[in-house]
Amino acid sequence: MVRPGRSGRIFNYIGRHNIRGDFFGGLTAAVIALPMALAFGVASGAGAAAGLWSAAIIGLVTALFGGTPALISEPTGPMTVVFTAVLATLTTKADSPAQALAIAFTVVMLSGVFQILYGVLRLGRYITQMPYTVISGFMSGIGTILIVLQIGPLLGQAPPPGGVMGTLQALPQLLQGIQPLETVLALFTLAVLWFTPERIKRLIPVPLFALIVGTILSLVFFQGVDLRRIGEIPSGLPQLTLPALGPDVLQLVVINAALLGMLGSIDCLLTCLVSDSLTRTEHQSDKELVGQGLANIVAGLCGALPGSGATTATVVNIQAGGRTGLSGLLRALILALMILAGSGLASRIPLAVLAAIVFKVGLDIVDWGFLVRVPQLSIKGAFITYVVIALTVLVDLMVAVGVGIFIANILTIDKMSRMQTGAVKAVSTADDALALSDQDKRLLDQAGGRVLLFQLNGAMIFGVAKTISREHNAIADCDAVIFDLSGVYHLGITAALAIENAVEEALEVGRSVYVVGAAGTTRKRLEQLRLFQLLPDDHTGLDLHQALGHAVEAQTVPKAT
């Protein structure tokens with residue numbers, strides 16, 4: 001078992017006991033990264049070089065500073081979708097395409113700052129605690145966006161402006177202008193991606209195999225045909241990109257950077273869980289977020305795409321023997337050598353082949369299994385999932401997540417409130433459903449309906465406040481009220497205020513009030529509200545049996561005339 005990095009260390013865990021496994025893991029992950037990085041770079045509009053250098057830079061920095069030894073980070077589908085949308089929006093606002101790119105890379109840098117902030121604030125363990133219906137809908141929506149945006153390239157044309165809606169609106173024109181040979185090449189590439197035999201898959205990653213086969217096919221059988229290709233890729237190291245920002249796009253930059261940082265964090269930490277399950281180690285969420293943030297800052301400075309933990313690359317790395325951050329470092333170095341030495345060869349790759357690879361990635365991201373089963377599991381869950389998909393595709397990614405979480409929380413709170421409603425009981429005669437001893441039941445019956453026992457159990461969240469308010473209306477028909485909180489293990493602020501309101505109303509109409517059983521944080525909250533100051537000491541320091549005896553005795557003593 002690989003021991004995880006110690007808490008507090010600066011660098012990721014880079015071991016020396018598994019050099020052979022880490023080498024083969026890094027080599028395999030580098031090979032599979034090449035076609036995906038090219039495809040995402042071209043699909044984003046930033047260019048193939050932006051995708052290639054992203055795979056190398058982000059992989060290098062996270063391998064050094066991350067908190068998950070075997071994790072591989074690179075440009076991913078979700079991050080590319082957001083970056084593409086940001087770049088498309090900025091292109092309409094900036095003075096030139098170069099300025100739009102500079103601002104888009106500034107968004108990448110700022111997203112890294114947000115990720116570091118999430119890590120410093122120790123939010124790592126909370127980020128992935130979203131309902132699966134929201135995560136599934138969000139990821140399926142992103143997969144759908146990738147699919148739709150590749151329709152133009154699959155038909156041999158440039159993607160129409162306007163994102164998803166622009167593509168759907170331009171669909172008739174795209175079909176009219178179809179380039180049959182490029183479409184045939186794209187379909188052939190998809191067939192390779194789907195139907196490659198298992199024996200070949202064991203020798204070479206399928207995306208790379210499809211890229212090689214599609215490119216060779218275009219060079220051999222499409223000679224003299226004017227196919228759209230990647231074109232010349234700048235050789236040499238990436239150029240430094242300084243942050244660029246203007247007041248007219250400040251809000252756009254900050255909002256999208258926060259979204260990109262959050263999406264990258266969710267995407268990464270979910271992959272970390274996969275890595276943990278395969279290696280039987282435990283990652284450091286907050287340290288990983290800091291490492292991912294540093295990686296995206298450097299990527300933005302170098303004019304590269306944003307990235308995150310990539311599930312496929314991580315699994316491939318682990319299956320090939322990678323266990324420590326050394327595999328990520330070797331992968332980054334191998335990729336850098338490939339980029340510097342093979343940029344000329346990559347220029348001949350047809351865009352239709354890359355579009356087919358991204359199209360297949362989009363299909364893989366869509367959570368088909370869950371989408372089919374969720375209506376059988378829960379109609380409400382299906383509603384949330386499908387709403388999030390629609391909002392992600394047609395409106396905005398941040399709106400989709402916000403609305404999805406809001407609806408899911410409202411439904412959860414409603415369900416918990418209905419479950420807790422039965423835990424609030426107000427009775428004046430013994431009830432078999434009450435958790436009372438035989439002595440206490442006799443005392444309650446002896447009071448002849450003049451003592452109201454208000455018994456609460458479990459977690460009193462704010463959704464229970466309405467039930468408390470409704471039940472305390474019964475105080476009009478009694479002389480004494482006992483609030484039994486011995487079964488309450490959590491008392492929310494709203495529920496505490498509802499109890500305070502009930503006590504005050506009972507006192508206002510001249511009832512004797514007892515509050516018993518409050519302990520720990522429940523008693524502390526009531527003390528903070530100064531509730532006990534409203535009552536005599538002997539009405540708050542008793543247990544339930546003593547309070548019942550005291551109240552019953554007070555009812556049997558003849559009142560002075």
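1. Helices (H or I, at least four residues) and strands (E, at least two) are DSSP runs, numbered from the N terminus. By this convention, Phe-222 is found in the loop between helix H12 (206-221) and H13. The model discussed here is predicted, so local features need pLDDT of at least 70 and side-chain atom pairs count only at pLDDT 80 or more, while totals for chains, interfaces and linings use all residues. Residues are numbered from 1 along each chain as its sequence is written, and side-chain values use heavy atoms, with hydrogens and water left out.

2. Phe-222 has a relative accessibility of 9% and therefore counts as buried (buried means under 20% relative accessible area, exposed over 50%, partly exposed in between, with a 1.4 Å probe and protein chains only). Not counting residues up to four places away in sequence, Phe-222 touches Leu-181, Leu-185, Leu-217 and Leu-227, where contact means heavy atoms within 4.5 Å. Phe-222 and Glu-182 are 40 residues apart in sequence, and their C-alpha atoms are 9.6 Å apart in space.

3. Thr-68 lies between helix H2 (48-65) and strand S1 (73-74), and its relative accessibility of 2% places it among buried residues. If residues up to four places away in sequence are not counted, Thr-68 touches Asn-12, Cys-272, Ser-275, His-283 and Glu-288.

4. Two packed helices are described by the angle between their axes and the distance between the axes. For helix H4 (residues 97-120) and helix H13 (residues 250-279), the axes come within 7 Å and cross at roughly 55 degrees. Axes are lines fitted to C-alpha atoms, for helices over the stretch in contact, and angles run from 0 to 180 degrees between N-to-C directions. H4 is therefore oblique to H13 (angles under 35 degrees count as roughly parallel, over 145 as roughly antiparallel, 65 to 115 as roughly perpendicular and the rest as oblique).

5. Which residues of H4 and H13 meet? In H4 they include Ile-103, Val-107, Phe-114 and Tyr-118, and in H13 they include Val-253, Leu-260, Gly-261 and Met-262. The residues of this contact of H4 with H13 divide into twelve nonpolar, six polar and no charged (Ala, Val, Leu, Ile, Met, Phe, Trp, Tyr, Cys and Pro count as nonpolar, Asp, Glu, Lys and Arg as charged, and the others, Gly among them, as polar).

6. A search of the whole structure finds six aromatic pairs. Rings of Phe, Tyr and Trp (its six-membered ring) pair if their centres lie within 6.5 Å; planes under 30 degrees apart count as stacked, over 60 as edge-to-face and the rest as tilted. The ring centres of Phe-23 and Phe-24 are 5.4 Å apart and their planes stand at 75 degrees, so this pair is edge-to-face. Phe-23 is partly exposed at 37%, and Phe-24 is partly exposed at 36%.

7. Tyr-132 and Phe-370 also form an edge-to-face pair, with 4.9 Å centre to centre and 90 degrees between the planes. Tyr-132 lies in helix H6 (residues 132-149) and Phe-370 in helix H18 (residues 368-377), so the pair ties together parts that are 238 residues apart in sequence. Tyr-132 is partly exposed at 46% relative accessibility, whereas Phe-370 is buried at 11%.

8. Finally, the backbone at Arg-122 should be noted: this residue has a positive phi of about 60 degrees although it is not a glycine. Arg-122 is found in the loop between H4 and helix H5 (124-127) and is exposed, with a relative accessible area of 56%.
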